[in-house]
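Hello,

Please look through it before our next call.

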Amino acid sequence: MVQINENYLKLQAGYLFPEIGRRVREFQQKNPQADVIKMGIGDVTQPLTPAIVKAFHEGVDEMSKASSFKGYGPEQGYEFLREAIAKNDYQSRGASIQADEIFISDGSKCDTGNIQEIFGYKNVIAVQDPVYPVYVDTSVMNGRTGNFMGNGYYEGIVYMPCTAENGFIPEIPKEKVDIIYLCYPNNPTGTTAGKEELKKWVDYAIRNKAVILYDAAYESYISDPAIPHSIYEIEGACKVAIEFRSFSKTAGFTGTRCAFTVVPKDLMAYTADGTEKPLYPLWFRRHTTKFNGVSYPVQKAAAAIYTPEGRKEIRATIDYYMNNARILRESLSKLGFQVFGGKNAPYVWVNSGRGIKSWDLFDKLLHEANVVGTPGSGFGPSGEGYFRFSSFATNENVVEAMERLKLLKW
Ligand code: MLT
(Lines give C-alpha, C1' and ligand atoms only; values in the text may rest on other atoms or scores of the structure.)
Protein backbone atom coordinates (compact mmCIF):
# COMPACT_ATOMS: atom_id res chain seq x y z
CA MET A 1 0.00 0.00 0.00
CA VAL A 2 1.53 3.28 -1.09
CA GLN A 3 1.47 5.88 1.64
CA ILE A 4 1.32 9.63 1.29
CA ASN A 5 3.48 12.19 3.04
CA GLU A 6 0.96 12.93 5.76
CA ASN A 7 2.69 16.19 6.61
CA TYR A 8 0.85 17.66 3.62
CA LEU A 9 -2.43 17.01 5.44
CA LYS A 10 -1.37 19.47 8.14
CA LEU A 11 -1.21 22.36 5.64
CA GLN A 12 -3.92 24.98 5.92
CA ALA A 13 -6.12 25.66 2.86
CA GLY A 14 -4.25 26.54 -0.33
CA TYR A 15 -1.01 28.47 -0.63
CA LEU A 16 -1.88 32.13 0.01
CA PHE A 17 -1.53 33.56 -3.51
CA PRO A 18 -3.41 30.80 -5.41
CA GLU A 19 -6.15 31.18 -2.77
CA ILE A 20 -6.38 34.92 -3.51
CA GLY A 21 -6.39 34.12 -7.24
CA ARG A 22 -9.23 31.66 -6.72
CA ARG A 23 -11.35 34.23 -4.87
CA VAL A 24 -10.69 36.88 -7.50
CA ARG A 25 -11.59 34.49 -10.36
CA GLU A 26 -14.82 33.56 -8.60
CA PHE A 27 -15.67 37.26 -8.21
CA GLN A 28 -14.85 37.97 -11.86
CA GLN A 29 -17.00 35.08 -13.07
CA LYS A 30 -19.95 36.55 -11.19
CA ASN A 31 -19.07 40.14 -12.17
CA PRO A 32 -17.58 39.94 -15.67
CA GLN A 33 -17.93 43.72 -16.19
CA ALA A 34 -15.80 44.58 -13.14
CA ASP A 35 -12.40 46.11 -13.94
CA VAL A 36 -10.32 44.49 -11.21
CA ILE A 37 -7.02 46.14 -10.22
CA LYS A 38 -4.54 43.64 -8.83
CA MET A 39 -2.08 44.67 -6.15
CA GLY A 40 -2.01 41.32 -4.39
CA ILE A 41 0.86 39.02 -5.36
CA GLY A 42 4.07 40.96 -5.88
CA ASP A 43 4.29 40.32 -9.60
CA VAL A 44 6.03 42.85 -11.79
CA THR A 45 4.24 44.65 -14.64
CA GLN A 46 7.09 46.49 -16.39
CA PRO A 47 8.86 44.67 -19.26
CA LEU A 48 12.46 43.50 -19.33
CA THR A 49 14.65 46.48 -20.19
CA PRO A 50 16.46 46.90 -23.57
CA ALA A 51 19.95 45.90 -22.34
CA ILE A 52 18.52 42.73 -20.80
CA VAL A 53 16.47 41.88 -23.89
CA LYS A 54 19.51 42.44 -26.15
CA ALA A 55 21.63 40.03 -24.09
CA PHE A 56 18.74 37.54 -23.99
CA HIS A 57 18.50 37.65 -27.82
CA GLU A 58 22.26 37.24 -28.17
CA GLY A 59 22.06 34.18 -25.94
CA VAL A 60 19.32 32.68 -28.09
CA ASP A 61 21.33 33.46 -31.27
CA GLU A 62 24.36 31.68 -29.84
CA MET A 63 22.17 28.64 -29.17
CA SER A 64 21.08 28.67 -32.82
CA LYS A 65 24.60 28.09 -34.24
CA ALA A 66 26.61 24.90 -33.97
CA SER A 67 29.76 26.91 -33.24
CA SER A 68 28.32 28.59 -30.14
CA PHE A 69 25.60 26.12 -29.13
CA LYS A 70 25.59 25.04 -25.47
CA GLY A 71 24.17 21.91 -23.90
CA TYR A 72 24.14 21.39 -20.17
CA GLY A 73 25.78 24.30 -18.45
CA PRO A 74 27.52 24.21 -15.08
CA GLU A 75 24.86 23.29 -12.48
CA GLN A 76 26.11 26.06 -10.20
CA GLY A 77 25.72 28.65 -12.95
CA TYR A 78 28.01 30.18 -15.57
CA GLU A 79 31.10 31.78 -14.16
CA PHE A 80 30.50 35.07 -16.03
CA LEU A 81 27.31 35.59 -14.00
CA ARG A 82 28.72 34.41 -10.68
CA GLU A 83 31.76 36.67 -11.11
CA ALA A 84 29.55 39.68 -11.89
CA ILE A 85 27.44 39.00 -8.79
CA ALA A 86 30.43 38.50 -6.48
CA LYS A 87 32.07 41.70 -7.67
CA ASN A 88 29.04 44.00 -7.93
CA ASP A 89 26.72 42.78 -5.20
CA TYR A 90 29.25 41.78 -2.55
CA GLN A 91 32.89 42.80 -2.98
CA SER A 92 31.83 46.37 -3.84
CA ARG A 93 30.13 46.52 -0.42
CA GLY A 94 33.11 45.14 1.46
CA ALA A 95 31.77 41.58 1.70
CA SER A 96 34.38 39.03 0.68
CA ILE A 97 32.02 36.64 -1.14
CA GLN A 98 33.69 34.74 -3.99
CA ALA A 99 32.12 33.57 -7.25
CA ASP A 100 32.32 29.90 -6.28
CA GLU A 101 30.24 30.57 -3.16
CA ILE A 102 27.30 31.60 -5.38
CA PHE A 103 24.74 29.12 -6.72
CA ILE A 104 22.53 30.31 -9.60
CA SER A 105 18.99 28.93 -9.48
CA ASP A 106 15.53 29.45 -10.91
CA GLY A 107 14.11 31.24 -7.88
CA SER A 108 14.47 32.19 -4.23
CA LYS A 109 11.08 30.71 -3.44
CA CYS A 110 12.46 27.26 -4.34
CA ASP A 111 15.82 27.86 -2.67
CA THR A 112 14.44 29.09 0.66
CA GLY A 113 12.39 25.90 0.89
CA ASN A 114 14.95 23.49 -0.59
CA ILE A 115 17.76 24.69 1.67
CA GLN A 116 16.12 22.82 4.56
CA GLU A 117 17.32 19.54 3.02
CA ILE A 118 20.86 20.11 4.25
CA PHE A 119 19.77 20.52 7.88
CA GLY A 120 18.96 17.80 10.43
CA TYR A 121 15.42 17.21 11.64
CA LYS A 122 16.05 18.10 15.28
CA ASN A 123 16.73 21.76 14.50
CA VAL A 124 14.30 24.31 15.89
CA ILE A 125 13.20 26.77 13.20
CA ALA A 126 12.32 30.38 14.00
CA VAL A 127 10.34 32.62 11.66
CA GLN A 128 9.13 36.20 11.72
CA ASP A 129 5.40 36.63 12.16
CA PRO A 130 3.99 37.85 9.73
CA VAL A 131 6.15 35.85 7.34
CA TYR A 132 6.56 34.94 3.65
CA PRO A 133 4.50 31.71 3.79
CA VAL A 134 7.04 29.55 1.94
CA TYR A 135 9.34 29.19 4.95
CA VAL A 136 6.55 27.81 7.12
CA ASP A 137 4.73 25.69 4.53
CA THR A 138 7.94 23.98 3.39
CA SER A 139 8.84 23.29 7.04
CA VAL A 140 5.46 21.60 7.39
CA MET A 141 5.91 19.58 4.17
CA ASN A 142 9.32 18.42 5.36
CA GLY A 143 7.89 17.12 8.63
CA ARG A 144 9.63 19.71 10.78
CA THR A 145 6.47 20.79 12.62
CA GLY A 146 3.63 19.35 14.62
CA ASN A 147 0.00 20.12 13.91
CA PHE A 148 -1.65 23.42 13.14
CA MET A 149 -3.01 24.90 16.35
CA GLY A 150 -6.11 26.95 17.06
CA ASN A 151 -4.03 30.09 17.54
CA GLY A 152 -2.88 30.03 13.90
CA TYR A 153 0.60 28.62 14.61
CA TYR A 154 2.18 25.24 13.90
CA GLU A 155 3.55 23.29 16.84
CA GLY A 156 7.33 23.07 16.78
CA ILE A 157 8.05 26.40 15.04
CA VAL A 158 9.16 29.44 17.03
CA TYR A 159 7.22 32.48 15.79
CA MET A 160 8.75 35.90 16.41
CA PRO A 161 6.07 38.61 16.31
CA CYS A 162 6.92 41.66 14.21
CA THR A 163 4.61 44.46 15.20
CA ALA A 164 4.36 48.20 14.97
CA GLU A 165 5.53 48.27 18.62
CA ASN A 166 8.87 46.57 17.87
CA GLY A 167 9.30 48.35 14.53
CA PHE A 168 8.75 45.00 12.77
CA ILE A 169 12.13 43.75 14.01
CA PRO A 170 11.62 40.62 16.12
CA GLU A 171 13.01 40.21 19.62
CA ILE A 172 15.73 37.60 20.03
CA PRO A 173 13.76 34.49 21.11
CA LYS A 174 13.98 33.35 24.73
CA GLU A 175 14.22 29.70 23.70
CA LYS A 176 17.25 28.38 21.81
CA VAL A 177 16.66 28.17 18.07
CA ASP A 178 18.91 26.68 15.39
CA ILE A 179 17.65 28.00 12.05
CA ILE A 180 16.41 31.57 11.79
CA TYR A 181 14.63 32.83 8.69
CA LEU A 182 14.98 36.61 8.36
CA CYS A 183 13.73 38.63 5.40
CA TYR A 184 14.84 42.26 4.83
CA PRO A 185 13.64 44.43 3.20
CA ASN A 186 10.74 42.55 4.64
CA ASN A 187 7.99 40.78 2.84
CA PRO A 188 5.21 41.45 3.79
CA THR A 189 5.71 44.52 6.01
CA GLY A 190 8.00 46.48 3.65
CA THR A 191 10.18 47.47 6.60
CA THR A 192 13.98 47.25 6.86
CA ALA A 193 16.65 46.31 9.39
CA GLY A 194 19.73 48.40 10.12
CA LYS A 195 23.26 47.15 10.74
CA GLU A 196 22.90 47.26 14.52
CA GLU A 197 19.75 45.17 14.46
CA LEU A 198 21.26 42.59 12.13
CA LYS A 199 24.42 42.48 14.24
CA LYS A 200 22.32 41.29 17.20
CA TRP A 201 21.14 38.35 15.11
CA VAL A 202 24.60 37.51 13.81
CA ASP A 203 25.95 37.59 17.38
CA TYR A 204 23.07 35.38 18.54
CA ALA A 205 23.81 32.88 15.76
CA ILE A 206 27.53 32.84 16.62
CA ARG A 207 26.82 32.35 20.35
CA ASN A 208 24.27 29.61 19.78
CA LYS A 209 25.86 27.85 16.78
CA ALA A 210 22.75 28.69 14.78
CA VAL A 211 22.32 29.56 11.09
CA ILE A 212 20.50 32.60 9.64
CA LEU A 213 18.66 32.08 6.34
CA TYR A 214 18.61 35.64 5.04
CA ASP A 215 16.14 36.41 2.26
CA ALA A 216 17.27 39.62 0.56
CA ALA A 217 15.08 39.33 -2.54
CA TYR A 218 14.07 43.01 -2.28
CA GLU A 219 17.49 44.55 -1.54
CA SER A 220 17.54 46.57 -4.77
CA TYR A 221 14.65 48.68 -3.42
CA ILE A 222 16.84 50.10 -0.64
CA SER A 223 17.67 53.76 -1.22
CA ASP A 224 18.75 54.75 2.30
CA PRO A 225 22.57 54.38 2.35
CA ALA A 226 22.52 53.40 6.03
CA ILE A 227 20.57 50.21 5.38
CA PRO A 228 22.63 47.09 4.56
CA HIS A 229 21.85 45.30 1.30
CA SER A 230 23.41 42.04 2.43
CA ILE A 231 23.78 40.21 5.73
CA TYR A 232 27.47 39.83 4.79
CA GLU A 233 27.94 43.54 5.42
CA ILE A 234 27.73 42.53 9.09
CA GLU A 235 30.94 41.31 10.69
CA GLY A 236 30.95 37.57 11.33
CA ALA A 237 27.95 36.84 9.09
CA CYS A 238 29.97 34.68 6.65
CA LYS A 239 30.29 32.15 9.45
CA VAL A 240 26.57 31.95 10.25
CA ALA A 241 24.42 33.03 7.29
CA ILE A 242 23.13 31.87 3.93
CA GLU A 243 21.73 34.62 1.70
CA PHE A 244 19.05 34.39 -0.98
CA ARG A 245 18.74 36.92 -3.80
CA SER A 246 16.55 37.06 -6.86
CA PHE A 247 16.42 38.86 -10.21
CA SER A 248 12.61 38.63 -10.11
CA LYS A 249 11.91 41.95 -8.46
CA THR A 250 15.33 43.48 -9.17
CA ALA A 251 15.05 43.19 -12.94
CA GLY A 252 11.56 41.94 -13.81
CA PHE A 253 12.46 38.21 -13.98
CA THR A 254 9.31 36.78 -12.36
CA GLY A 255 8.45 35.10 -15.65
CA THR A 256 12.04 34.65 -16.84
CA ARG A 257 13.31 32.93 -13.67
CA CYS A 258 16.77 33.56 -12.27
CA ALA A 259 18.03 33.89 -8.69
CA PHE A 260 20.97 32.90 -6.56
CA THR A 261 21.94 31.61 -3.15
CA VAL A 262 25.19 32.36 -1.36
CA VAL A 263 26.71 29.68 0.87
CA PRO A 264 30.06 30.92 2.23
CA LYS A 265 32.78 28.31 2.64
CA ASP A 266 33.35 29.47 6.24
CA LEU A 267 29.79 28.64 7.26
CA MET A 268 29.70 25.73 9.69
CA ALA A 269 27.10 23.41 11.19
CA TYR A 270 27.45 20.30 13.34
CA THR A 271 26.89 16.54 13.34
CA ALA A 272 24.84 14.99 16.16
CA ASP A 273 28.07 14.33 18.08
CA GLY A 274 29.08 18.00 17.78
CA THR A 275 31.70 17.66 15.01
CA GLU A 276 31.96 20.88 13.00
CA LYS A 277 31.25 20.52 9.25
CA PRO A 278 31.05 23.12 6.47
CA LEU A 279 27.61 23.47 4.88
CA TYR A 280 29.05 24.44 1.50
CA PRO A 281 29.79 20.88 0.24
CA LEU A 282 26.32 19.74 1.29
CA TRP A 283 24.55 22.46 -0.73
CA PHE A 284 26.99 21.94 -3.60
CA ARG A 285 26.12 18.23 -3.60
CA ARG A 286 22.40 18.91 -3.35
CA HIS A 287 22.39 21.56 -6.06
CA THR A 288 24.52 19.61 -8.54
CA THR A 289 22.51 16.44 -7.96
CA LYS A 290 19.00 17.85 -8.17
CA PHE A 291 19.40 20.82 -10.50
CA ASN A 292 20.74 21.16 -14.02
CA GLY A 293 21.21 24.89 -14.13
CA VAL A 294 19.33 27.91 -15.46
CA SER A 295 19.25 28.25 -19.26
CA TYR A 296 22.18 30.02 -20.90
CA PRO A 297 20.18 32.89 -22.51
CA VAL A 298 18.53 33.64 -19.15
CA GLN A 299 21.89 33.81 -17.37
CA LYS A 300 23.22 36.03 -20.14
CA ALA A 301 20.20 38.29 -19.70
CA ALA A 302 20.76 38.38 -15.92
CA ALA A 303 24.43 39.33 -16.36
CA ALA A 304 23.33 42.34 -18.44
CA ILE A 305 21.94 44.04 -15.34
CA TYR A 306 25.53 44.55 -14.19
CA THR A 307 26.48 46.54 -17.31
CA PRO A 308 26.31 50.37 -17.12
CA GLU A 309 23.19 50.50 -19.40
CA GLY A 310 21.57 47.59 -17.56
CA ARG A 311 22.11 49.27 -14.20
CA LYS A 312 20.62 52.56 -15.42
CA GLU A 313 17.60 50.85 -16.91
CA ILE A 314 16.71 48.69 -13.92
CA ARG A 315 17.17 51.73 -11.67
CA ALA A 316 14.51 53.52 -13.73
CA THR A 317 12.12 50.56 -13.36
CA ILE A 318 12.73 50.39 -9.61
CA ASP A 319 12.10 54.16 -9.37
CA TYR A 320 8.84 53.66 -11.26
CA TYR A 321 7.64 51.11 -8.69
CA MET A 322 8.89 53.21 -5.78
CA ASN A 323 6.90 56.16 -7.09
CA ASN A 324 3.87 53.86 -6.90
CA ALA A 325 4.84 53.00 -3.33
CA ARG A 326 4.97 56.73 -2.49
CA ILE A 327 1.50 57.29 -3.99
CA LEU A 328 0.16 54.33 -2.01
CA ARG A 329 1.72 55.59 1.22
CA GLU A 330 0.47 59.15 0.82
CA SER A 331 -3.03 58.26 -0.38
CA LEU A 332 -3.62 55.59 2.25
CA SER A 333 -2.40 57.87 5.06
CA LYS A 334 -4.84 60.55 3.90
CA LEU A 335 -7.60 57.94 3.98
CA GLY A 336 -6.89 57.27 7.65
CA PHE A 337 -4.88 54.07 7.31
CA GLN A 338 -1.83 53.51 9.49
CA VAL A 339 0.93 53.05 6.93
CA PHE A 340 4.25 51.18 7.23
CA GLY A 341 6.98 50.16 4.80
CA GLY A 342 7.11 51.27 1.18
CA LYS A 343 10.17 53.51 1.65
CA ASN A 344 13.00 51.05 0.97
CA ALA A 345 10.78 48.19 -0.17
CA PRO A 346 8.01 47.72 -2.73
CA TYR A 347 5.37 46.64 -0.20
CA VAL A 348 3.13 48.98 1.73
CA TRP A 349 1.71 47.46 4.92
CA VAL A 350 -1.37 49.10 6.33
CA ASN A 351 -3.83 48.82 9.13
CA SER A 352 -7.25 50.13 8.21
CA GLY A 353 -7.45 51.78 11.64
CA ARG A 354 -11.12 50.77 11.70
CA GLY A 355 -10.86 47.43 13.51
CA ILE A 356 -11.54 45.41 10.37
CA LYS A 357 -10.10 41.90 10.01
CA SER A 358 -7.74 41.31 7.09
CA TRP A 359 -9.94 38.98 5.02
CA ASP A 360 -12.99 41.22 5.63
CA LEU A 361 -11.03 44.16 4.26
CA PHE A 362 -9.96 41.99 1.32
CA ASP A 363 -13.63 41.25 0.54
CA LYS A 364 -14.68 44.87 1.01
CA LEU A 365 -12.00 46.18 -1.36
CA LEU A 366 -12.67 43.47 -3.93
CA HIS A 367 -16.46 43.87 -3.91
CA GLU A 368 -16.81 47.61 -3.42
CA ALA A 369 -13.70 48.98 -5.20
CA ASN A 370 -12.64 46.02 -7.36
CA VAL A 371 -9.15 46.36 -5.86
CA VAL A 372 -7.10 43.33 -4.79
CA GLY A 373 -4.45 43.36 -2.09
CA THR A 374 -3.15 40.67 0.25
CA PRO A 375 -4.75 40.11 3.66
CA GLY A 376 -2.12 40.46 6.39
CA SER A 377 -3.43 37.47 8.33
CA GLY A 378 -2.45 35.27 5.37
CA PHE A 379 1.15 35.88 6.44
CA GLY A 380 0.59 34.84 10.05
CA PRO A 381 -1.44 35.70 13.15
CA SER A 382 0.48 38.93 13.85
CA GLY A 383 -0.65 40.14 10.42
CA GLU A 384 -4.31 40.10 11.47
CA GLY A 385 -5.92 43.50 10.92
CA TYR A 386 -3.22 44.43 8.40
CA PHE A 387 -3.27 44.47 4.63
CA ARG A 388 -0.46 44.51 2.05
CA PHE A 389 -0.46 46.56 -1.14
CA SER A 390 2.12 45.72 -3.80
CA SER A 391 3.55 48.64 -5.74
CA PHE A 392 4.35 46.43 -8.75
CA ALA A 393 1.12 47.48 -10.49
CA THR A 394 1.13 50.01 -13.32
CA ASN A 395 1.15 53.64 -12.25
CA GLU A 396 -2.28 54.26 -13.86
CA ASN A 397 -3.76 51.37 -11.87
CA VAL A 398 -2.27 52.54 -8.58
CA VAL A 399 -3.70 56.04 -9.10
CA GLU A 400 -7.09 54.64 -10.15
CA ALA A 401 -7.18 52.22 -7.18
CA MET A 402 -6.55 55.04 -4.73
CA GLU A 403 -9.33 57.12 -6.35
CA ARG A 404 -11.71 54.20 -5.87
CA LEU A 405 -10.72 53.79 -2.22
CA LYS A 406 -11.65 57.44 -1.59
CA LEU A 407 -15.24 56.59 -2.46
CA LEU A 408 -15.59 53.72 0.03
CA LYS A 409 -18.17 53.99 2.80
CA TRP A 410 -16.88 52.67 6.12
C1 MLT B 1 4.74 38.01 -2.85
O2 MLT B 1 3.79 38.59 -3.36
O3 MLT B 1 4.88 37.88 -1.63
C4 MLT B 1 5.76 37.46 -3.78
O5 MLT B 1 5.54 37.84 -5.06
C6 MLT B 1 5.75 36.02 -3.75
C7 MLT B 1 7.00 35.46 -4.30
O8 MLT B 1 7.94 36.17 -4.64
O9 MLT B 1 7.02 34.25 -4.39
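Proline 188 sits in the loop between strand 5 and helix 6. In this predicted model, the peptide bond from asparagine 187 to proline 188 is cis, with omega near 20 degrees. Proline 185 is also placed in the loop between strand 5 (179-183) and helix 6 (195-208). Tyrosine 184 and proline 185 are joined by a cis peptide bond too, and omega there is about -10 degrees.

Lysine 209, in the loop between helix 6 and strand 6 (211-215), has a positive phi of about 55 degrees although it is not a glycine.

Now the ligand. Asparagine 187, whose bond to proline 188 is cis, is one of the residues around the ligand. Sorted by class, the shell has five nonpolar, two polar and three charged residues.

- Asparagine 187: an N or O atom in the side chain is 2.8 Å from a ligand oxygen atom.
- Lysine 249: a polar side-chain atom lies 2.9 Å from a ligand oxygen atom.
- Arginine 388: a polar side-chain atom lies 2.7 Å from a ligand oxygen atom.

On its own the ligand has 270 Å² of accessible area, and the protein covers 84% of that.

The structure holds one cavity of 30 Å³ or more. The volume of this largest cavity is about 60 Å³. Its lining is made up of Val44, Gln46, Pro47, Leu48, Thr49, Thr250, Ala251, Gly252, Ile314, Thr317 and Tyr321. By class, that lining has six nonpolar and five polar residues, and no charged ones.

Which helices supply at least two residues each of the lining of the largest cavity? They are helix 7 (248-251) and helix 10 (308-334). Helix 10 gives the largest share of the lining, three residues.

Why can the largest cavity be placed between domain 1 and domain 2? Both domains give residues to its lining, so the cavity lies between them.

Regards

Methods
Residues numbered from 1 in each chain as written. Predicted model: local features only at pLDDT ≥ 70, side-chain atom pairs only at ≥ 80, totals over all residues. Heavy atoms only, no water. 1 Å grid on protein atoms, 1.4 Å probe; cavity = no way out; pocket = protein on both sides within 12 Å on 5 of 7 lines; lining within 4 Å. Points joined across faces, edges and corners; volume = space filled by probe spheres on them. Helix = DSSP H or I, 4+ residues; strand = E, 2+ residues; numbered from the N terminus. Nonpolar A, V, L, I, M, F, W, Y, C, P; charged D, E, K, R; others polar. Domains from an automatic or database assignment. Near = heavy atom within 4 Å. Polar contact = N/O pair within 3.5 Å; in protein donor to acceptor, adjacent residues only side chain to side chain. Areas by Shrake-Rupley, 256 points an atom, 1.4 Å probe, with all protein chains shown as cover.
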